[in-house]
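Dear colleague,

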Amino acid sequence: MVIYLIKLVVFDLDNVIIDGEGIDEIGKLVNIEDQIATITEQAMQGDIDFETSIKKRVGLLKGASTEDIKTLANEMPLMKGAKEAVSTLKENGFDVAIISGSFDIIADTIKEKLNVDNIFTNSLVEKNGILTGDVTGPLVSGSKLDVLSKFIEEAGYSLDECVAVGDGANDISMIESAGYGIAFNAKHALKENADIIVETRDLTDVLNVIIYLNSENTEEGADVDKEVAVETEVVETTDVVVENQEEEQVADATEEVVEEVEEVEEVVEEAEATEELKEAEELVEEASEEEAESAEEKPVKESKPKKSKKPKNTLPEPDFDLADTIEGVRTQKDEREELIAKVADEREVFNREAKEQRKIRDELNSELKENLAKAIEFRNQRNEINKQVEENKKIRNKVNEEIKNLEWSSGKKDKIRIETEIKKIDKIIETRVLDIKKENQLVKNANDLRKELAEIKEDDKVKEEAAELKKKSEEYHAKVVELSEQAQEAHEQMLSYFRKTDEIRTAADEAHKLFIQARKNASAKHEEFKVILSEIHVINKKLGSSKNRKRRFDKPSGSSSNKKNREEKERAESIFDKFKNGKKLSTEELLLLQKYDIN
């Protein structure tokens, strides 16, 4: 599967970037807003095609003043969150464009306000500051997809790397074709064709969706190679400051995953499967005790009041038939006791698996946090170094400008001009066939220029000052190169930790899934355990009412023995956990581990 990172975000203008419909507002200037609004609504709902609607509406605007429209454009409110959304997208490395069937007279003002690089709109035709009622532009008869396709081809993007945001039927073509199409507070016709629907009138909600989509598409931290290109020329050096906003979004996404896993832990740990096991075993003991007491009571003897026990679990109603004979009932009891022991063992296996997977998950989450912290540390380090790179570049470039001004003021400009003219004359003499008179004249002109060149003398003081400035420029340039290399090193470290973080997150997610599955399996076994236990209750009541006291007292009680075995086994498990953490074992503890085959 090919993963595409989002590189370009395209917005509609009216009712998306600005809070209103531009042409409707212009209509108010000539008191035809109702007629304009009716046609606009028909177009937005898809009832008439956009070309017909735009020509009809612009025709009604004939006679409007362009100055009034410019004033209107300055006063039109931006959509809530527009500034934050556009600036944050640009800061995070996204290209931002606006494609709108509206008009440049409005869009140019918005372009300045939001610092948008690319805007594609129509133009209102005017003569002497008055609209003629005509309209031109790529979006009169062409679709927004046509404009978008041409732009991304020139910019080197693909449609899969683009997010389109619109609100009306004329946005359908680009919404359908873009990698992700977002319907923003949109008409029904557009919602049916969008990938994502945002119902609010706040563009920061769209921003959050885009950041999330890009983080989801970021695989193994980032697949984009970054280079630091540094030339050695003092005056015309180009330095690349290391940036990787995609990785920062991965960090944010990873932090969210950690928080989600921690929230799941809090819920899960409230009802551990091991606790359910203990509760069920206590139910067995309670059942045995109650049955023994019931069999020993005499009708004429008043028993001592017993403390009421709060039930820790509720047993289901049994649904089985008791055997007709006592021997048959005893056989049923033997069968169920054998079965309940088997189910308890199976449940214990699942509980151990859940415990182990939870431990693995917790360890991975801990490791994930450490890696994420390291990645963020190197990211911050890189950003700080980049600031120093920028500061040194500004100083270096300022010094280079001073050098240039000094050299021009010292006569260098005249020297370059004369040398250029001499070269031109020499080339003409060498390459053309000239009559002797014309050739002599050119030779004389060249000689005169050489004399003039020889008389030009540069100011020694200026030359010394320029030399000092060049030395200073070279020092700042060396610092820029050194810092750029440090920034690249920090950047590569950051990438390494982000990739490792993503690997750990995947492993932690898998361990968590296995933990949840083991929990479900343990719970299912526990429910099966309770059903059998409920049947044993019924059997014990039947046997208790038909046994004499002597027989019951002759039979050894198994509950205390089971309880002792359970306590010993729990102690053995506790000893083994301590042994894994480095505790030395006594002979008694070692024998206990061997008894329960814990290794």
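H1 and H2 are roughly antiparallel to each other (an angle over 145 degrees), because the axes of helix H1 (residues 22–29) and helix H2 (residues 33–45) cross at roughly 160 degrees, coming within 8 Å. This is a predicted model, in which local features need pLDDT of at least 70 and side-chain atom pairs count only at pLDDT 80 or more, while totals for chains, interfaces and linings use all residues. Residues are numbered from 1 along each chain as its sequence is written, and side-chain values use heavy atoms, with hydrogens and water left out.

Helices here are DSSP runs of H or I with at least four residues, numbered from the N terminus; axes are lines fitted to C-alpha atoms over the stretch in contact, and angles run from 0 to 180 degrees between N-to-C directions.

The crossing of H1 and H2 is right-handed, meaning that the near helix is turned clockwise from the far one by less than a right angle. On the H1 side, Ile 23, Asp 24, Gly 27 and Lys 28 meet Glu 33, Ile 36, Ala 37 and Thr 40 of H2, where contact means heavy atoms within 4.5 Å.

H1 also packs with helix H4 (residues 66–75), at an angle of about 130 degrees and with the axes 10 Å apart. H1 passes H4 in a right-handed crossing, and the contact joins Glu 25, Ile 26 and Leu 29 of H1 to Asp 68, Ile 69 and Leu 72 of H4.

Best regards

Notes
Helix = DSSP H or I, 4+ residues; strand = E, 2+ residues; numbered from the N terminus. Parallel < 35°, antiparallel > 145°, perpendicular 65-115°, else oblique.
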